[in-house]
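Please view the sequence and the structure before reading on.

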Amino acid sequence: IKGAPAGSASPSTVAEVTFEEIDQAAVTKLRTKFAPAVAQLQKRYPNILDYESRSSANLILNASIMGPKFGDSDLAALVPLAEQITVADFSRTAITDRSAPAMSAMKRLRILRLMHTRITDTTVQTLGALDQLESLNVFDTPVTPAALLTIARLPRLAHCYAGQTAIPAGTSVPQALAGKLVF
């Protein structure tokens, strides 16, 4: 048989792939409390807010597709859903440090992208309570070395992208950030 190992009489069998059944009633129950707010905000902001998966109540927010049309007041409108948001991308939006309280309310946030925004150390300092944050991207923002102490205290942080900030590439970083800071 062409492609079969030498001495083999038949092709390898492929294991059957099975997928976990989704308990739609359980998912609906998880989403019930905030589903009306999700539906309303999805109408107001089409294509930027969705569930993480078919079986999850967690939300992904991708405001970057709105660019500068998305600002502080828009983020404030999403505060009722803050605790459900696990991924947020505000890259190239018009958010400023006025949005810091709204971002710090996203207690389950794992990934936060702030590339090409005007956020400063003020915003980063409010993120210190986000103990689930694994990835932070502040590329091309005015963030300075003063923010590094707060970033270093994020217990689950694996990566912080800080290129084109006011943090020079050779800056001495806290030990907790060693190997996690990427320029």
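Where is K107 found? K107 lies in the loop between α4 (100-104) and β4 (111-113). The model is a predicted one, in which local features need pLDDT of at least 70 and side-chain atom pairs count only at pLDDT 80 or more, while totals for chains, interfaces and linings use all residues. Residues are numbered from 1 along each chain as its sequence is written, and side-chain values use heavy atoms, with hydrogens and water left out.

**Overall architecture**
- The protein has six helices and seven strands; helices (H or I, at least four residues) and strands (E, at least two) are DSSP runs, numbered from the N terminus.
- From the N terminus on, the order of elements is α-α-β-β-α-β-α-β-α-β-α-β-β.
- Along its principal axes, the C-alpha trace spans about 65 × 45 × 30 Å.

**Burial**
- Of the 183 residues in the protein, 41% are buried, where buried means under 20% relative accessible area, exposed over 50%, and partly exposed in between (1.4 Å probe, protein chains only).
- K107 is partly exposed, with a relative accessible area of 37%.

**Surroundings of K107**
- Apart from neighbours within four places in sequence, K107 is in contact (heavy atoms within 4.5 Å) with A82, E83, A129, L130, D131 and Q132.
- K107 and A82 are 25 residues apart in sequence, and their C-alpha atoms are 7.4 Å apart in space.
- The side chain of K107 reaches the backbone oxygen of S104 at 3.2 Å.

Note on methods. A polar contact is a pair of N or O atoms within 3.5 Å; within protein, one must be able to donate a hydrogen and the other to accept it, and residues adjacent in sequence count only if both atoms are side-chain atoms.
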